[in-house]
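Reader: I'm new to this one. Could you take me through the aromatic part in some detail, and then what sits around it?

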Amino acid sequence: MPTGVKLALSIAVIAIGAGCAWLERSYGETLVFWVILGLTAFMVLALWLFPEAGVKDGEKS
């Protein structure tokens, strides 16, 4: 996946995660707030850390 796409996706995930976390925090749900922040961080980290799934060059049929 191109770096520009990863960057745009990361920004979108962070923005949506921050919005959801802020909403839950405003309702007083601190546990859900921390769960959302943790999941957001995990999703962004996984996007950059793990390779894209697909067929390897030597395995094409």
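Author: Let's start with Trp34, which is exposed at a relative accessible area of 56%. Exposed here means over 50% relative accessible area, buried under 20%, and partly exposed in between, with a 1.4 Å probe and protein chains only. A quick word on the source: this is a predicted model, where local features need pLDDT of at least 70, side-chain atom pairs count only at pLDDT 80 or more, and totals for chains, interfaces and linings use all residues. Residues are numbered from 1 along each chain as its sequence is written, and side-chain values use heavy atoms, leaving out hydrogens and water.

Back to the rings. The structure has 1 aromatic pair. Phe33 and Trp34 make it, edge-to-face, with 5.0 Å from centre to centre and 75° between the planes. (Rings of Phe, Tyr and Trp, the last by its six-membered ring, pair if their centres lie within 6.5 Å; planes under 30 degrees apart are stacked, over 60 edge-to-face, and the rest tilted.) Phe33 is buried, at 15% relative accessible area. Arg25 lies over the face of Phe33, 4.8 Å from the ring centre; that label needs NZ of Lys or CZ of Arg within 6 Å of the centre and within 35 degrees of the ring normal.

Now for Leu37: this residue belongs to helix H2, a DSSP run of H or I with at least four residues, numbered from the N terminus. Leu37 is partly exposed, at 32%, and its C-alpha is 14 Å from that of Ile11, 26 residues away in sequence. Met43 is also in helix H2, which covers residues 30–49, and is partly exposed at 45%.

Conventions:
Helix = DSSP H or I, 4+ residues; strand = E, 2+ residues; numbered from the N terminus.
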